[in-house]
Amino acid sequence: MKQAYMAGDNTINKQEFLSLYGEFGHHLAEDYRDYEMDDLSYAIYKATDFEVMKAQRKANAQYLYEHLKGVRFMYDLTDKAVPLFVPVLFESKEQRDAVRRKLIEAEIYCPIHWPKPSQITADFEANKIYDTELSLICDQRYTTDDMARMAAVINEHGFNGLNG
């Protein structure tokens, strides 16, 4: 279902596949012994050059840090960091959501890695992070050209001056 949804199938209910995926993860966690990697996954693992993977992730993240205008990064990029994504903060939920919509229109999917749990009350201090965080994916599947396209979408839509 997720694959179909990500491929643009509008008949897939996102909440339904997320619920099923979460249920699967719960069952897997309850019964996680005597499982091993299948042969194909093991072959892929053995053939993976992790140094190349790390270098691409670092280059992608560095590109975002150097070329994004106006977003506030949640942390400084260090030499030891090998990020899967770069979390950024916007001034408001509306602004974050508007940027995310523009990215989706450009076929760039950036998740919100910390959706707000229902237990969080309106007066909780962490609401600002829950409401304004967006994760900019920068893993090894992408190139710096992909990062340039993502940065261009964010920068061209006038979301500058957010550091204030």
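Is Lys 102 buried, partly exposed or exposed? Lys 102 counts as partly exposed, because its relative accessibility is 30%, which lies between the limits of 20% for buried and 50% for exposed. The tour returns to this residue below. The model on display is a predicted one.

**The whole chain**

Begin with the entire chain in a cartoon view. Its secondary structure amounts to seven helices and three strands. Followed along the sequence, these elements run in the order α-α-α-α-β-β-α-α-β-α. Along the principal axes, the C-alpha atoms occupy a box of roughly 55 × 40 × 35 Å. The chain has 164 residues, and 29% of them are buried.

**Helix α2**

Select residues 14-30, which form helix α2. This helix has 17 residues, and the distance from its first C-alpha to its last is 25 Å, close to the expected 24 Å. At the start of α2, a side-chain oxygen of Asn 13 comes to within 2.9 Å of the backbone nitrogen of Gln 15.

Proceed to Met 37, in the loop between α2 and α3. Met 37 counts as partly exposed, because its relative accessibility is 44%. Display Tyr 42, Tyr 45 and Phe 50 together with Met 37 as a surface: these residues make a nonpolar patch of about 410 Å².

Next, select helix α3 itself, residues 39-47. How many of its nine residues are buried? The count is zero, and α3 is hardly covered. At the start of this helix, a side-chain oxygen of Asp 38 lies within 3.0 Å of the backbone nitrogen of Leu 40.

**Glu 66 on helix α4**

Remain on helix α4 and select Glu 66. This residue is exposed, because its relative accessible area is 53%. Its side chain makes a polar contact of 2.8 Å with the side chain of Gln 62. For a distance across the model, select the C-alpha atoms of Glu 66 and Ile 104: the two residues are 38 residues apart along the chain, and these atoms are 22 Å apart.

**Salt bridges of helix α5**

The whole structure contains five salt bridges. Start with Lys 93 and Asp 97, whose side chains meet in one of them, at 2.8 Å from N to O. The two residues are separated by about one helical turn, because they stand four residues apart in helix α5. Their surroundings may be compared by accessibility. Asp 97 counts as buried because its relative accessibility is 17%, whereas Lys 93 counts as partly exposed because its value is 37%.

Continue along the helix to Lys 102, the residue of the opening question. Its side chain meets that of Glu 105 in a salt bridge, with an N to O distance of 3.9 Å. Both residues lie in helix α5, three residues apart, about one turn of the helix. Glu 105 counts as exposed because its relative accessibility is 60%.

**Glu 107 in the following loop**

Select Glu 107, in the loop between α5 and α6 (127-132). Glu 107 counts as exposed because its relative accessibility is 73%.

**Asp 139 and Arg 141**

Finish with Asp 139 and Arg 141. These residues form a salt bridge, their closest N and O atoms being 2.6 Å apart. Arg 141 counts as exposed, because its relative accessibility is 59%.

Note on methods
Residues are numbered from 1 along each chain as its sequence is written. This is a predicted model: local features need pLDDT of at least 70, side-chain atom pairs count only at pLDDT 80 or more; totals for chains, interfaces and linings use all residues. Side-chain values use heavy atoms; hydrogens and water are left out. The expected span of a helix is 1.5 Å times one less than its number of residues. A polar contact is a pair of N or O atoms within 3.5 Å; within protein, one must be able to donate a hydrogen and the other to accept it, and residues adjacent in sequence count only if both atoms are side-chain atoms. Patches are made of residues with over 30% relative accessible area and no salt bridge: like charges are joined within 9 Å, nonpolar side chains (Val, Leu, Ile, Met, Phe, Trp, Tyr) within 5 Å. Accessible areas come from the Shrake-Rupley method with a 1.4 Å probe; for residues, only the protein chains shown count as cover. A salt bridge is a side-chain nitrogen of Lys or Arg within 4 Å of a carboxyl oxygen of Asp or Glu. Buried means under 20% relative accessible area, exposed over 50%, partly exposed in between (1.4 Å probe, protein chains only).
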